[in-house]
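Colleague: I am new to this one. Can we go through the terms and see what backs each of them?

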Amino acid sequence: MIVEQIMKTDLVTVPPTLTITEAREVMRHKGVRHLNVVDQQGEFLGIVTERDIKEALPSYLSNVPNSPVYHEPLTTVLISEPITAHPLDFVEEIALIFYEARIGYLPILSGGKLVGTVTTNELLDVYIEMTGANEPGSKIEIRVKDVPGVLNDVTAIIAAHKANVLSVLVYPDQTDDTAKILSIRVQMINPLPIITELRESNFDVLWPNVPGIV
């Protein structure tokens, strides 16, 4: 899946001529925490965050209602070189950017123009949909040897029980470098017959751990 498929295109943009106070009002009116700043030609100049505005303005506990900072241009708190992405980037790459940079908002640019944005919340929604966690079903976790063909062997058993596979995640086994953990969501409320056959086929089913089933 690429970014273009999940990015938000209903964008809130403002010109750099706004004051900090005006920008704060736009945020309140639009219910957003980030503003995309573009010039008259539509070129992307950077972003302004709610946090940066709060840090620039005097504390509400202080008695400085006429402080000149309220009328400072938006460019004084502008992040002119934020991390950005391209519409054809993969969603997995975006997730890695969020993880490594510890950010929650990403402008999407194409040819210097702002074409969309992605937030961590939107990425989480996509992850839930991709894993099938929002659909009725059951999760089965299996420890398998890291060898070719093992996934096919597992899914063949699932297919024999006429259960659809909603998603498959593969991650390292923290206790064994030669093994992997398969986390499979199946469209079946009672996966006990599958679990029984997996164990009869010598697969190490970690979850669900059903009492009485060896």
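Predicted model: local features only at pLDDT ≥ 70, side-chain atom pairs only at ≥ 80, totals over all residues.

Modeller: Let us begin at a helix end.

Colleague: Which residues of helix 1 are buried?

Modeller: Ile 20, Ala 23 and Met 27. Buried means under 20% relative accessible area, so that label applies to each of these residues.

Colleague: What puts them on the same side of helix 1?

Modeller: Their arc around the axis is only 60 degrees, so they share one side of helix 1.

Colleague: What does the face turned away from the buried side carry?

Modeller: Arg 28 and His 29, which are exposed. Exposed means over 50% relative accessible area.

Colleague: What do the buried residues of helix 1 pack against?

Modeller: Strand 2, strand 3 and helix 2 (50–56). Contact here means heavy atoms within 4.5 Å.

Colleague: How do you know that strand 2 and strand 3 pair?

Modeller: The rule asks for at least two bridges. Strand 2 (residues 34–38) and strand 3 have five, in the antiparallel sense, so they pair. Leu 35 stands opposite Val 48 in strand 3.

Colleague: Why is strand 3 called mostly covered?

Modeller: Strand 3 spans residues 44–49, and five of its six residues are buried.

Colleague: What makes Arg 102 count as a charge over the ring of Tyr 99?

Modeller: The distance limit is 6 Å from the ring centre, and the direction must be within 35 degrees of the ring normal. Arg 102 is at 4.8 Å and lies over the face of Tyr 99, so it counts.

Conventions. Residues numbered from 1 in each chain as written. Heavy atoms only, no water. Buried < 20%, exposed > 50% of the residue type's maximum accessible area, 1.4 Å probe, protein only. Helix = DSSP H or I, 4+ residues; strand = E, 2+ residues; numbered from the N terminus. Arc of directions from axis to C-beta.
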